[in-house]
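User: Can you walk me through this model? I'd like to start with the sheet and then go through the helices.

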Amino acid sequence: LPVKNMKIALLCVGDELLKGATINTNLAYLGNKLLENGLLIDFSVELKDGGDDIIDALDEALKRADVVLTSGGLGPTADDMTKEYIARRLKMPLEEDGGTVFAIRKYWKTRHCGEPTGRVLNQSLVPKGATVIPNRNGTAPGLILTTPADDPYPGKTIIMMPGPPGEIRPMFESDVLPFLLEKSEQRSHTKMFYVCGI
């Protein structure tokens with residue numbers, strides 16, 4: 001059902017964001033794209049890879065917002081654990097998605113020799129009941145989850161997206177933004193005034 005005055009939270013996951021090695025361009029990009037479409041981010045936080053901080057931040061975001069977006073932590077390296085921690089928090093077992101296995105193998109063959117390694121194929125494990133968003137520019141799919149009826153925050157939407165700008169931006173524009181616009185019943189309208197000589 002469409003949500004009136006939809007509140008959106010964003011969790012940006014990645015050690016590199018907290019160490020200052022990478023500027024969080026995803027927040028600026030997502031905030032700007034949402035604003036252009038009459039939607040606003042109400043709450044945002046940056047988190048290190050893995051750890052219970054992801055669960056704590058998710059609970060805070062679910063308490064504040066109707067939709068929680070995440071960026072990062074879905075890749076093939078050992079510290080990419082966003083999906084695992086969120087699935088654990090929601091008590092959703094991970095299961096292999098055949099379409100994602102096929103997509104990963106196909107993408108891998110265009111860029112590497114041989115078969116993808118185990119960690120790469122782990123990206124095909126998705127929380128049971130999740131809707132998979134194909135990643136046409138990488139190997140980590142996006143995921144859309146709804147918190148279960150017995151959750152402290154039932155009926156909330158969680159959308160997980162990869163962190164690299166070359167992957168999250170096309171995925172957001174082609175799949176996530178249309179989903180949010182369909183889900184939102186109301187838009188915010190803003191006017192910006194540029195002044196000089198004050």
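The chat below goes through the sheet, some helices and the aromatic contacts.

User: What should I know before reading the numbers?
Analyst: This is a predicted model, where local features need pLDDT of at least 70, side-chain atom pairs count only at pLDDT 80 or more, and totals for chains, interfaces and linings use all residues. Residues are numbered from 1 along each chain as its sequence is written, and side-chain values use heavy atoms, with hydrogens and water left out.

User: OK, the sheet. What is the strand order?
Analyst: The order is β2-β1-β3-β8-β7-β6, in an open sheet of six strands with mixed pairing. Strands (E, at least two residues) and helices (H or I, at least four) are DSSP runs, numbered from the N terminus. Two strands pair if DSSP finds at least two bridges between them.

User: Which strands are at the edges?
Analyst: β2 (41–47) and β6 (131–133), each of which pairs on one side only. From one strand to the next, the twist averages 15°. Angles run from 0 to 180 degrees between N-to-C directions, with axes as lines fitted to C-alpha atoms, for helices over the stretch in contact.

User: How many bridges join β7 to β8?
Analyst: Four, and the two strands run antiparallel. I144 is opposite I159 in β8. On to β6: its pairing with β7 is antiparallel too, over three bridges, and I133 sits opposite G142 in β7.

User: And β1 with β3, parallel or antiparallel?
Analyst: Parallel: residues 8–13 of β1 and 67–71 of β3 pair over five bridges. I8 has V67 as its bridge partner in β3.

User: Which strands does α3 touch?
Analyst: Helix α3 (residues 53–64) packs on the sheet and touches β1, β2, β3 and β8 (157–161), contact being heavy atoms within 4.5 Å. The direction of α3 makes about 175° with that of β2.

User: Where does α4 lie?
Analyst: Helix α4 (residues 82–90) lies across β1, β3, β7 (142–146) and β8, at about 165° to β8. Seven of the nine residues of α4 are buried, among them Y85, I86 and L90. Buried means under 20% relative accessible area, exposed over 50%, partly exposed in between (1.4 Å probe, protein chains only). Just after α4, K91 has a positive phi of about 60°.

User: Switching to α5. Why is its length what you'd expect?
Analyst: Its 12 residues (98–109) should span 16 Å at 1.5 Å a residue, and the end C-alpha atoms are 17 Å apart, which agrees. The expected span is 1.5 Å times one less than the number of residues.

User: Which residues of α5 are buried?
Analyst: T100, V101, I104, Y107 and W108. Down the axis of α5, the buried residues fall within an arc of 135°, so they line one face of the helix. The arc is that of the directions from the helix axis to the C-beta atoms. These buried residues pack against β4 (94–96), α6 (118–121) and β6.

User: And what does the face turned away carry?
Analyst: The exposed residues G99, F102, K106 and K109.

User: How many aromatic pairs are there?
Analyst: One. The ring centres of Y29 and F172 are 6.2 Å apart and the planes are at 75°, so the pair is edge-to-face. Rings of Phe, Tyr and Trp (its six-membered ring) pair if their centres lie within 6.5 Å; planes under 30 degrees apart count as stacked, over 60 as edge-to-face and the rest as tilted.

User: Are Y29 and F172 buried or exposed?
Analyst: Y29 and F172 are both buried.
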